[in-house]
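Keep the structure open while reading.

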Amino acid sequence: MSEESDVKMQNLRKEVFDKITNNQTDDLRALINVNDLKINFVDEFGMSPLQHACYKGNKEIVQMLLDQGAVVNDCEHKHGYSALHFAALSGNSDLCNLLMSHGAKINAKNSVGRTAAQMAGFVGNHSCASAINNFVPKANLDYYIKPQNLQKEPMLHPHLADSFYLFITQVNVHPVKVIMNLKKLPGLIDNLPMVQKVLECMSKKEMNKGADANEIMSFKYHYLCYLTDELSKSIQRHVSSNTEKDGTNEDKKHEAADLLIKKFLKCKNDGTQEYLELFLRDLIREYSYRDTAIFRQMVATLTSSDPPSAVSVISAAINGQQVFKDVERLICETCGEEKAPKKCSKCKIVQYCDRECQRLHWFIHKKNCSRLNQSSQQNHVPESAPNSEEITNAVTSRLQNLIVN
(Lines give C-alpha, C1' and ligand atoms only; values in the text may rest on other atoms or scores of the structure.)
Protein backbone atom coordinates (compact mmCIF):
# COMPACT_ATOMS: atom_id res chain seq x y z
CA MET A 1 0.00 0.00 0.00
CA SER A 2 1.42 3.37 -1.03
CA GLU A 3 1.90 6.19 1.44
CA GLU A 4 -0.91 8.16 -0.21
CA SER A 5 -3.39 5.30 -0.05
CA ASP A 6 -2.29 4.60 3.53
CA VAL A 7 -3.11 8.19 4.52
CA LYS A 8 -6.45 7.94 2.74
CA MET A 9 -7.32 4.74 4.63
CA GLN A 10 -6.37 6.34 7.95
CA ASN A 11 -8.63 9.31 7.19
CA LEU A 12 -11.50 7.00 6.25
CA ARG A 13 -11.13 5.05 9.48
CA LYS A 14 -11.02 8.27 11.49
CA GLU A 15 -14.21 9.35 9.73
CA VAL A 16 -15.84 6.05 10.72
CA PHE A 17 -15.04 6.68 14.39
CA ASP A 18 -16.27 10.29 14.13
CA LYS A 19 -19.62 9.23 12.68
CA ILE A 20 -20.07 6.60 15.39
CA THR A 21 -19.27 9.21 18.04
CA ASN A 22 -21.91 11.53 16.57
CA ASN A 23 -24.48 8.72 16.07
CA GLN A 24 -24.66 9.38 12.31
CA THR A 25 -26.03 5.99 11.31
CA ASP A 26 -27.04 6.72 7.70
CA ASP A 27 -23.82 8.59 6.92
CA LEU A 28 -21.78 5.76 8.41
CA ARG A 29 -23.60 3.16 6.31
CA ALA A 30 -22.99 5.17 3.15
CA LEU A 31 -19.30 5.68 4.02
CA ILE A 32 -18.73 1.95 4.55
CA ASN A 33 -20.62 0.88 1.43
CA VAL A 34 -19.14 3.46 -0.96
CA ASN A 35 -15.56 2.71 0.10
CA ASP A 36 -16.10 -1.04 0.62
CA LEU A 37 -14.51 -0.74 4.07
CA LYS A 38 -13.61 -3.73 6.23
CA ILE A 39 -14.63 -2.67 9.70
CA ASN A 40 -12.49 -4.93 11.93
CA PHE A 41 -9.79 -2.32 12.59
CA VAL A 42 -8.84 -0.47 15.77
CA ASP A 43 -7.84 3.02 16.88
CA GLU A 44 -4.77 4.00 18.93
CA PHE A 45 -6.43 2.63 22.08
CA GLY A 46 -7.17 -0.76 20.53
CA MET A 47 -10.89 -0.04 20.17
CA SER A 48 -12.77 -1.26 17.11
CA PRO A 49 -15.77 0.52 15.54
CA LEU A 50 -17.99 -2.11 17.18
CA GLN A 51 -16.56 -1.31 20.61
CA HIS A 52 -17.02 2.42 20.01
CA ALA A 53 -20.65 1.90 18.98
CA CYS A 54 -21.25 -0.25 22.09
CA TYR A 55 -19.68 2.45 24.26
CA LYS A 56 -22.19 4.91 22.76
CA GLY A 57 -25.02 2.43 23.39
CA ASN A 58 -26.20 2.74 19.78
CA LYS A 59 -27.98 -0.53 18.98
CA GLU A 60 -28.76 0.48 15.38
CA ILE A 61 -25.12 1.11 14.52
CA VAL A 62 -24.04 -2.07 16.33
CA GLN A 63 -26.55 -4.12 14.30
CA MET A 64 -25.26 -2.55 11.09
CA LEU A 65 -21.63 -3.30 11.99
CA LEU A 66 -22.49 -6.91 12.86
CA ASP A 67 -24.25 -7.21 9.50
CA GLN A 68 -21.08 -5.85 7.89
CA GLY A 69 -18.99 -8.61 9.48
CA ALA A 70 -17.79 -7.12 12.76
CA VAL A 71 -16.36 -9.88 14.98
CA VAL A 72 -18.16 -9.64 18.30
CA ASN A 73 -15.37 -11.11 20.47
CA ASP A 74 -12.37 -9.38 18.87
CA CYS A 75 -10.64 -7.44 21.63
CA GLU A 76 -7.37 -5.52 21.38
CA HIS A 77 -8.36 -2.92 23.96
CA LYS A 78 -5.39 -2.17 26.21
CA HIS A 79 -7.47 -2.81 29.34
CA GLY A 80 -9.31 -5.84 27.96
CA TYR A 81 -12.78 -4.29 27.68
CA SER A 82 -14.80 -6.29 25.15
CA ALA A 83 -17.73 -5.03 23.11
CA LEU A 84 -20.03 -6.56 25.74
CA HIS A 85 -18.17 -4.71 28.51
CA PHE A 86 -18.79 -1.40 26.74
CA ALA A 87 -22.45 -2.27 26.05
CA ALA A 88 -22.94 -3.11 29.74
CA LEU A 89 -21.37 0.20 30.76
CA SER A 90 -23.64 2.06 28.32
CA GLY A 91 -26.75 0.89 30.21
CA ASN A 92 -28.50 -0.51 27.12
CA SER A 93 -29.75 -4.00 28.03
CA ASP A 94 -31.22 -4.57 24.55
CA LEU A 95 -27.77 -3.97 23.10
CA CYS A 96 -26.30 -6.53 25.52
CA ASN A 97 -28.87 -9.10 24.37
CA LEU A 98 -28.06 -8.34 20.72
CA LEU A 99 -24.34 -8.97 21.27
CA MET A 100 -24.98 -12.16 23.23
CA SER A 101 -27.29 -13.46 20.52
CA HIS A 102 -24.30 -13.06 18.17
CA GLY A 103 -22.05 -15.08 20.44
CA ALA A 104 -20.50 -12.51 22.79
CA LYS A 105 -18.65 -14.27 25.60
CA ILE A 106 -20.30 -13.37 28.88
CA ASN A 107 -17.41 -14.66 31.02
CA ALA A 108 -14.68 -12.60 29.31
CA LYS A 109 -12.80 -10.50 31.88
CA ASN A 110 -11.05 -7.15 31.61
CA SER A 111 -7.59 -6.32 32.96
CA VAL A 112 -8.92 -6.05 36.53
CA GLY A 113 -10.63 -9.43 36.36
CA ARG A 114 -14.22 -8.22 35.99
CA THR A 115 -16.87 -9.57 33.62
CA ALA A 116 -19.31 -7.36 31.73
CA ALA A 117 -22.09 -8.18 34.21
CA GLN A 118 -19.87 -7.27 37.15
CA MET A 119 -18.92 -3.95 35.58
CA ALA A 120 -22.59 -3.20 34.85
CA GLY A 121 -23.48 -3.87 38.47
CA PHE A 122 -20.57 -1.74 39.69
CA VAL A 123 -21.79 1.36 37.82
CA GLY A 124 -25.45 0.76 38.69
CA ASN A 125 -26.67 -0.58 35.32
CA HIS A 126 -28.68 -3.32 36.99
CA SER A 127 -30.84 -4.08 33.94
CA CYS A 128 -27.70 -4.89 31.93
CA ALA A 129 -26.26 -7.08 34.69
CA SER A 130 -29.56 -8.96 34.90
CA ALA A 131 -29.79 -9.37 31.12
CA ILE A 132 -26.28 -10.84 30.97
CA ASN A 133 -26.70 -13.10 33.99
CA ASN A 134 -29.98 -14.51 32.65
CA PHE A 135 -29.00 -14.95 29.01
CA VAL A 136 -29.35 -18.41 27.51
CA PRO A 137 -28.55 -19.13 23.83
CA LYS A 138 -31.75 -20.43 22.26
CA ALA A 139 -29.71 -23.14 20.52
CA ASN A 140 -29.15 -24.71 23.95
CA LEU A 141 -32.73 -26.01 23.82
CA ASP A 142 -32.04 -28.10 20.71
CA TYR A 143 -30.64 -30.87 22.89
CA TYR A 144 -33.95 -31.16 24.76
CA ILE A 145 -36.41 -30.84 21.88
CA LYS A 146 -34.72 -33.56 19.80
CA PRO A 147 -34.45 -37.25 20.82
CA GLN A 148 -30.93 -38.09 22.05
CA ASN A 149 -29.15 -41.43 21.60
CA LEU A 150 -31.70 -44.18 22.32
CA GLN A 151 -34.54 -41.82 23.26
CA LYS A 152 -37.74 -42.30 21.30
CA GLU A 153 -39.17 -38.98 22.41
CA PRO A 154 -37.49 -35.67 23.23
CA MET A 155 -37.32 -34.52 26.84
CA LEU A 156 -39.28 -31.39 25.91
CA HIS A 157 -42.08 -31.24 23.35
CA PRO A 158 -40.96 -28.92 20.52
CA HIS A 159 -44.16 -26.87 20.71
CA LEU A 160 -43.19 -25.89 24.28
CA ALA A 161 -39.76 -24.54 23.27
CA ASP A 162 -40.75 -20.87 22.95
CA SER A 163 -42.66 -20.81 26.25
CA PHE A 164 -39.91 -22.70 28.04
CA TYR A 165 -37.24 -20.32 26.71
CA LEU A 166 -39.15 -17.29 28.00
CA PHE A 167 -39.56 -19.06 31.33
CA ILE A 168 -35.86 -19.80 31.87
CA THR A 169 -34.72 -16.34 30.75
CA GLN A 170 -37.09 -14.40 33.01
CA VAL A 171 -35.22 -11.72 34.95
CA ASN A 172 -37.74 -11.20 37.74
CA VAL A 173 -37.31 -14.36 39.81
CA HIS A 174 -39.74 -13.50 42.60
CA PRO A 175 -41.60 -16.77 43.41
CA VAL A 176 -44.99 -15.18 42.69
CA LYS A 177 -43.81 -14.03 39.26
CA VAL A 178 -42.44 -17.49 38.50
CA ILE A 179 -45.80 -19.14 39.31
CA MET A 180 -47.65 -16.49 37.30
CA ASN A 181 -45.42 -17.21 34.30
CA LEU A 182 -46.07 -20.94 34.60
CA LYS A 183 -49.79 -20.07 34.42
CA LYS A 184 -49.45 -17.58 31.58
CA LEU A 185 -46.91 -19.11 29.17
CA PRO A 186 -48.75 -21.49 26.80
CA GLY A 187 -48.50 -25.18 27.58
CA LEU A 188 -46.28 -25.07 30.67
CA ILE A 189 -48.88 -25.63 33.40
CA ASP A 190 -50.14 -28.69 31.51
CA ASN A 191 -46.64 -30.22 31.32
CA LEU A 192 -45.09 -29.43 34.70
CA PRO A 193 -43.36 -32.84 35.21
CA MET A 194 -41.67 -32.45 31.83
CA VAL A 195 -40.62 -28.86 32.59
CA GLN A 196 -39.28 -29.96 35.98
CA LYS A 197 -37.24 -32.81 34.50
CA VAL A 198 -35.61 -30.60 31.87
CA LEU A 199 -34.74 -27.94 34.46
CA GLU A 200 -33.16 -30.56 36.70
CA CYS A 201 -31.08 -31.83 33.80
CA MET A 202 -30.02 -28.29 32.82
CA SER A 203 -28.90 -27.52 36.38
CA LYS A 204 -26.63 -30.56 36.42
CA LYS A 205 -25.35 -29.91 32.92
CA GLU A 206 -24.21 -26.39 33.83
CA MET A 207 -22.00 -27.83 36.58
CA ASN A 208 -20.49 -30.49 34.30
CA LYS A 209 -18.75 -28.02 31.99
CA GLY A 210 -15.41 -28.05 33.77
CA ALA A 211 -13.76 -24.64 33.63
CA ASP A 212 -16.85 -23.19 31.92
CA ALA A 213 -19.23 -24.26 34.70
CA ASN A 214 -21.87 -21.60 35.39
CA GLU A 215 -23.00 -21.96 39.00
CA ILE A 216 -25.37 -18.97 38.74
CA MET A 217 -27.39 -20.57 35.94
CA SER A 218 -27.17 -23.96 37.62
CA PHE A 219 -28.73 -22.54 40.76
CA LYS A 220 -31.34 -20.62 38.76
CA TYR A 221 -32.46 -23.81 37.03
CA HIS A 222 -32.62 -25.56 40.42
CA TYR A 223 -34.67 -22.65 41.76
CA LEU A 224 -37.16 -22.78 38.87
CA CYS A 225 -37.29 -26.57 39.12
CA TYR A 226 -38.12 -26.45 42.84
CA LEU A 227 -40.92 -23.94 42.29
CA THR A 228 -42.29 -25.95 39.37
CA ASP A 229 -42.34 -29.05 41.57
CA GLU A 230 -44.15 -27.16 44.33
CA LEU A 231 -46.82 -25.97 41.89
CA SER A 232 -47.21 -29.52 40.55
CA LYS A 233 -47.76 -30.85 44.09
CA SER A 234 -50.23 -28.05 44.85
CA ILE A 235 -52.23 -28.88 41.74
CA GLN A 236 -52.34 -32.58 42.60
CA ARG A 237 -53.59 -31.83 46.13
CA HIS A 238 -56.18 -29.31 44.92
CA VAL A 239 -57.55 -31.50 42.11
CA SER A 240 -57.78 -34.62 44.31
CA SER A 241 -59.58 -32.73 47.09
CA ASN A 242 -62.07 -31.10 44.70
CA THR A 243 -63.16 -34.02 42.53
CA GLU A 244 -66.84 -33.25 43.07
CA LYS A 245 -66.46 -29.53 42.47
CA ASP A 246 -67.66 -28.08 39.17
CA GLY A 247 -65.09 -26.84 36.71
CA THR A 248 -62.53 -28.26 34.31
CA ASN A 249 -59.11 -29.56 35.28
CA GLU A 250 -57.67 -26.47 33.61
CA ASP A 251 -59.69 -24.24 35.95
CA LYS A 252 -58.55 -26.26 38.96
CA LYS A 253 -54.90 -25.94 37.92
CA HIS A 254 -55.19 -22.16 37.82
CA GLU A 255 -57.05 -22.17 41.14
CA ALA A 256 -54.22 -24.18 42.69
CA ALA A 257 -51.67 -21.73 41.31
CA ASP A 258 -53.58 -18.81 42.83
CA LEU A 259 -53.77 -20.58 46.19
CA LEU A 260 -50.00 -21.18 46.15
CA ILE A 261 -49.38 -17.53 45.31
CA LYS A 262 -51.55 -16.44 48.23
CA LYS A 263 -49.63 -18.77 50.55
CA PHE A 264 -46.43 -17.04 49.44
CA LEU A 265 -47.96 -13.58 49.96
CA LYS A 266 -49.57 -14.23 53.35
CA CYS A 267 -47.98 -12.12 56.10
CA LYS A 268 -47.73 -12.29 59.86
CA ASN A 269 -48.76 -9.28 61.93
CA ASP A 270 -45.25 -7.86 61.68
CA GLY A 271 -45.38 -8.02 57.88
CA THR A 272 -42.99 -10.96 57.41
CA GLN A 273 -43.94 -13.63 54.88
CA GLU A 274 -43.12 -16.61 57.08
CA TYR A 275 -44.24 -19.41 54.75
CA LEU A 276 -42.33 -17.94 51.79
CA GLU A 277 -39.20 -17.40 53.89
CA LEU A 278 -39.14 -20.99 55.16
CA PHE A 279 -39.93 -22.35 51.70
CA LEU A 280 -37.04 -20.47 50.07
CA ARG A 281 -34.58 -21.46 52.79
CA ASP A 282 -35.53 -25.11 52.18
CA LEU A 283 -35.06 -24.51 48.45
CA ILE A 284 -31.52 -23.26 49.01
CA ARG A 285 -30.77 -26.14 51.39
CA GLU A 286 -31.78 -28.64 48.68
CA TYR A 287 -29.23 -27.33 46.16
CA SER A 288 -26.81 -30.19 45.51
CA TYR A 289 -23.65 -28.20 44.79
CA ARG A 290 -22.73 -26.96 48.24
CA ASP A 291 -19.10 -26.23 47.43
CA THR A 292 -20.05 -23.45 45.02
CA ALA A 293 -19.46 -19.81 45.86
CA ILE A 294 -23.12 -18.93 45.23
CA PHE A 295 -24.33 -21.49 47.80
CA ARG A 296 -21.81 -20.48 50.45
CA GLN A 297 -22.57 -16.79 49.93
CA MET A 298 -26.34 -17.25 50.28
CA VAL A 299 -25.96 -19.40 53.40
CA ALA A 300 -23.53 -16.93 54.99
CA THR A 301 -25.93 -14.04 54.33
CA LEU A 302 -29.00 -15.86 55.65
CA THR A 303 -27.23 -17.01 58.81
CA SER A 304 -25.87 -13.56 59.68
CA SER A 305 -27.10 -11.66 62.75
CA ASP A 306 -29.63 -9.53 60.87
CA PRO A 307 -30.29 -11.29 57.55
CA PRO A 308 -32.29 -9.82 54.66
CA SER A 309 -35.23 -11.77 53.25
CA ALA A 310 -34.50 -14.99 51.39
CA VAL A 311 -36.21 -13.67 48.26
CA SER A 312 -33.83 -10.67 48.13
CA VAL A 313 -30.81 -12.92 48.73
CA ILE A 314 -31.79 -15.23 45.87
CA SER A 315 -32.55 -12.34 43.52
CA ALA A 316 -29.14 -10.79 44.25
CA ALA A 317 -27.42 -14.15 43.72
CA ILE A 318 -29.03 -14.65 40.30
CA ASN A 319 -29.24 -11.09 38.99
CA GLY A 320 -26.35 -9.47 40.81
CA GLN A 321 -26.29 -7.12 43.76
CA GLN A 322 -27.67 -3.64 43.14
CA VAL A 323 -24.91 -1.23 44.16
CA PHE A 324 -27.12 1.82 43.67
CA LYS A 325 -30.84 1.56 44.41
CA ASP A 326 -33.43 3.92 43.00
CA VAL A 327 -35.85 5.00 45.70
CA GLU A 328 -38.47 5.63 43.00
CA ARG A 329 -38.42 2.08 41.61
CA LEU A 330 -42.20 1.59 42.05
CA ILE A 331 -42.14 -2.13 42.85
CA CYS A 332 -45.26 -4.27 42.43
CA GLU A 333 -46.49 -5.37 45.85
CA THR A 334 -47.48 -8.77 44.47
CA CYS A 335 -44.74 -10.01 42.14
CA GLY A 336 -41.83 -7.67 42.82
CA GLU A 337 -41.71 -6.32 39.26
CA GLU A 338 -39.97 -2.95 39.01
CA LYS A 339 -41.59 0.10 37.39
CA ALA A 340 -45.07 -1.17 38.19
CA PRO A 341 -47.33 1.35 36.40
CA LYS A 342 -50.59 1.00 38.37
CA LYS A 343 -51.69 2.18 41.81
CA CYS A 344 -54.54 1.07 44.01
CA SER A 345 -57.35 3.36 42.90
CA LYS A 346 -58.47 3.92 46.49
CA CYS A 347 -55.35 4.52 48.62
CA LYS A 348 -53.13 5.71 45.71
CA ILE A 349 -50.10 4.27 47.51
CA VAL A 350 -49.59 0.56 46.77
CA GLN A 351 -48.16 -0.23 43.31
CA TYR A 352 -49.20 -3.09 41.01
CA CYS A 353 -48.32 -4.33 37.52
CA ASP A 354 -51.93 -4.82 36.47
CA ARG A 355 -55.38 -5.96 37.64
CA GLU A 356 -54.20 -9.56 38.02
CA CYS A 357 -51.53 -8.60 40.54
CA GLN A 358 -54.01 -6.38 42.37
CA ARG A 359 -56.58 -9.21 42.48
CA LEU A 360 -54.09 -11.66 43.95
CA HIS A 361 -52.96 -9.20 46.62
CA TRP A 362 -56.39 -7.85 47.58
CA PHE A 363 -56.96 -10.39 50.40
CA ILE A 364 -54.05 -8.69 52.19
CA HIS A 365 -54.38 -5.11 51.02
CA LYS A 366 -58.10 -4.76 51.77
CA LYS A 367 -57.27 -4.77 55.50
CA ASN A 368 -55.00 -1.74 55.17
CA CYS A 369 -56.34 0.15 52.16
CA SER A 370 -58.72 2.49 54.04
CA ARG A 371 -56.11 3.25 56.71
CA LEU A 372 -53.47 4.06 54.10
CA ASN A 373 -55.94 6.29 52.27
CA GLN A 374 -56.74 8.27 55.43
CA SER A 375 -53.04 8.60 56.29
CA SER A 376 -52.27 9.85 52.79
CA GLN A 377 -55.00 12.49 52.99
CA GLN A 378 -53.83 13.70 56.40
CA ASN A 379 -50.22 14.02 55.24
CA HIS A 380 -51.14 15.81 52.02
CA VAL A 381 -50.67 19.58 52.30
CA PRO A 382 -52.27 21.31 49.30
CA GLU A 383 -50.24 24.02 47.67
CA SER A 384 -51.75 27.48 48.06
CA ALA A 385 -52.89 29.02 44.81
CA PRO A 386 -50.84 32.05 43.73
CA ASN A 387 -52.63 35.36 44.16
CA SER A 388 -53.14 37.88 41.34
CA GLU A 389 -50.21 39.99 42.51
CA GLU A 390 -47.79 37.03 42.29
CA ILE A 391 -49.03 36.20 38.79
CA THR A 392 -48.60 39.80 37.64
CA ASN A 393 -45.07 40.00 39.04
CA ALA A 394 -44.07 36.71 37.39
CA VAL A 395 -45.41 37.77 33.97
CA THR A 396 -43.74 41.20 34.24
CA SER A 397 -40.41 39.56 35.13
CA ARG A 398 -40.55 37.23 32.09
CA LEU A 399 -41.42 40.13 29.77
CA GLN A 400 -38.46 42.14 31.05
CA ASN A 401 -36.16 39.13 30.46
CA LEU A 402 -37.40 38.89 26.88
CA ILE A 403 -36.74 42.59 26.26
CA VAL A 404 -33.20 42.34 27.72
CA ASN A 405 -32.40 39.30 25.61
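Which residues in H1 meet which residues in H2?

## H1 against H2

This is a predicted model. On the H1 side, the contact is made by Leu12, Glu15, Val16, Lys19 and Ile20. On the H2 side, the partners are Asp27, Leu28, Leu31 and Asn35. Sorted by class, this contact of H1 with H2 has five nonpolar, one polar and three charged residues.

Now the geometry. H1 covers residues 3–21, and H2 covers residues 25–35. Their axes come within 9 Å. They cross at roughly 160 degrees. Angles over 145 degrees count as roughly antiparallel, and H1 and H2 are therefore roughly antiparallel to each other. The crossing of H1 and H2 is left-handed.

## H3 against H5

H3 spans residues 49–56, and H5 spans residues 83–90. These two helices pack at an angle of about 15 degrees. Their axes lie 7 Å apart. The angle makes H3 roughly parallel to H5, since anything under 35 degrees counts as roughly parallel. H3 and H5 cross in a right-handed sense.

Which residues of H3 and H5 meet? H3 contributes Leu50, Gln51, Cys54 and Tyr55. H5 contributes Ala83, Phe86, Ala87 and Ser90. By class, the contact of H3 with H5 has six nonpolar residues, two polar and no charged.

## Two pairs in brief

H1 and H2 are roughly antiparallel, with a left-handed crossing. H3 is roughly parallel to H5, with a right-handed crossing. Three charged residues belong to the contact of H1 with H2, whereas the contact of H3 with H5 has no charged residues.

How values were computed. Residues are numbered from 1 along each chain as its sequence is written. This is a predicted model: local features need pLDDT of at least 70, side-chain atom pairs count only at pLDDT 80 or more; totals for chains, interfaces and linings use all residues. Side-chain values use heavy atoms; hydrogens and water are left out. Axes are lines fitted to C-alpha atoms, for helices over the stretch in contact, and angles run from 0 to 180 degrees between N-to-C directions. Helices (H or I, at least four residues) and strands (E, at least two) are DSSP runs, numbered from the N terminus. Angles under 35 degrees count as roughly parallel, over 145 as roughly antiparallel, 65 to 115 as roughly perpendicular and the rest as oblique. A crossing is left-handed if the near helix is turned anticlockwise from the far one by less than a right angle, and right-handed if clockwise. Contact means heavy atoms within 4.5 Å. Ala, Val, Leu, Ile, Met, Phe, Trp, Tyr, Cys and Pro count as nonpolar, Asp, Glu, Lys and Arg as charged, and the others, Gly among them, as polar.
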